[in-house]
Amino acid sequence: MPPRKIIIDTDPGQDDAVAILLALASPEDIEVAAITAVAGNVPLELTARNARIVCELAGRTDVPVHAGCDRPLERAPVTAEHVHGKTGLDGPDLPDPTMPIAEGHGVDAIIDIVRREPAGTVTLCPLGPLTNVARALEKAPDIAGRLKEIVLMGGAYFEVGNITPTAEFNIYADPHAAARVFACGAKITVMPLDVTHKALVTKTRNDAFRALGTPVGVAVAEMTDFFERFDKEKYGSLGAPLHDPCVTAYLIDPEIFSGRFVNVEIETVSELCMGMTVADWWGVSGRAPNATFMGDLDADRFFALLTERLARL
């Protein structure tokens with residue numbers, strides 16, 4: 001099988017960085033056609049910067065990084081410096097990028113690549129708020145039918161919310177965009193908090209990253225050292241969940257994950273529940289399924305894959 005051609009839409013974020021590194025370390029499985037940055041964990045200027053820092057860390061300055069949308073479709077911007085630090089990549093001391101931002105808006109890059117490649121060959125991998133993706137679908141509705149799949153990190157059901165009592169950050173940051181994406185008709189696979197909270201970087205697992213002894217291994221360990229403090233304090237967990245690498249790990253080894261094909265709707269009206277991912281896990285709504293919503297993963301297999309691939313960079 002040829003490698004799977006993907007577009008990574010992202011708002012780095014330490015866990016976004018690890019997801020990108022995993023993709024770039026796996027050329028036999030994944031071909032990264034482009035990275036599109038979106039405002040999310042930090043403002044767009046920083047997410048576009050951070051995506052290029054990660055590419056340079058991996059030695060992959062050939063991957064174009066496009067800047068996309070700098071604000072949600074309808075609501076005021078929401079950021080997460082309280083988790084990721086003021087730069088979004090706090091932890092390691094990484095140099096400013098020297099590679100330039102690619103020409104063209106991220107939304108246009110998504111449209112151009114999906115239209116350029118044969119239908120059914122491009123997978124879109126959103127790791128942040130879904131603003132760029134919704135704008136692309138709005139501007140070019142035909143691309144929904146040309147995508148192979150959308151595999152995204154976002155939402156929660158049994159794990160409820162991490163930015164409000166009912167909402168996960170990526171969906172809450174632009175719920176109207178998320179609602180449009182889930183209604184677009186493309187094949188969708190979702191990595192919600194229900195899965196990602198089981199992908200915990202324990203001390204043993206982080207020591208394995210650091211023991212690689214490479215700039216990538218040490219940087220990943222230092223990223224986790226930084227942002228795990230938030231999750232340990234909030235959840236009382238043994239370490240930080242690596243949310244976004246679940247997307248790229250799924251592309252490489254989907255058998256790591258298990259879930260159900262269910263109906264998923266996004267709350268956009270109630271301020272109390274704004275951005276809630278309403279996943280009909282038990283099939284009681286009568287609404288047609290529209291997404292595969294993952295519920296579990298083999299954490300040891302996930303971290304073995306991640307460590308093995310990061311060792312290549």
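Predicted model: local features only at pLDDT ≥ 70, side-chain atom pairs only at ≥ 80, totals over all residues.
Strand β4, residues 122–126, pairs with strand β5, residues 147–153, in the parallel sense, and I counted three bridges. Opposite Thr123 I found Glu149 in β5.

Next I looked at helix α12, residues 245–252, which packs on the sheet. I noted that the helix touches β1 (4–10), β2 (30–37), β4, β5, β6 (188–191), β9 and β12. The direction of α12 makes about 140° with that of β5.

I then traced the whole sheet. It is open and has eight strands, in the order β3-β2-β1-β4-β5-β6-β12-β9, with mixed pairing. I reminded myself that strands of a sheet pair through backbone hydrogen bonds, either parallel or antiparallel. Which strands are at the edges? They are β3 (65–67) and β9 (257–262), and each pairs on one side only.

I went on to β12 and its two partners. β6 and β12 pair in the parallel sense over two bridges. Val190 has Phe293 in β12 as its bridge partner. β9 and β12 run antiparallel and are joined by six bridges. Ser258 stands opposite Asp296 in β12. Is β12 mostly covered or uncovered? I noted it as mostly covered, since five of its seven residues are buried.

Last, I checked the surface. Phe158, Trp282 and Val284 make a nonpolar patch of about 390 Å². I located Trp282 in the loop between β11 (277–279) and β12 (291–297). Why do I list Trp282 as exposed? Its relative accessible area is 54%, and the cut-off for exposed is over 50%.

Technical notes:
Residues numbered from 1 in each chain as written. Heavy atoms only, no water. Patch = residues over 30% accessible without salt bridge, like charges linked within 9 Å, V, L, I, M, F, W, Y side chains within 5 Å. Areas by Shrake-Rupley, 256 points an atom, 1.4 Å probe, with all protein chains shown as cover. Salt bridge = Lys/Arg side-chain N within 4 Å of Asp/Glu carboxyl O. Helix = DSSP H or I, 4+ residues; strand = E, 2+ residues; numbered from the N terminus. Buried < 20%, exposed > 50% of the residue type's maximum accessible area, 1.4 Å probe, protein only. Pairing = 2+ DSSP bridges. Contact = heavy atoms within 4.5 Å. Axes fitted to C-alpha atoms, helices over the stretch in contact; angles between N-to-C directions.
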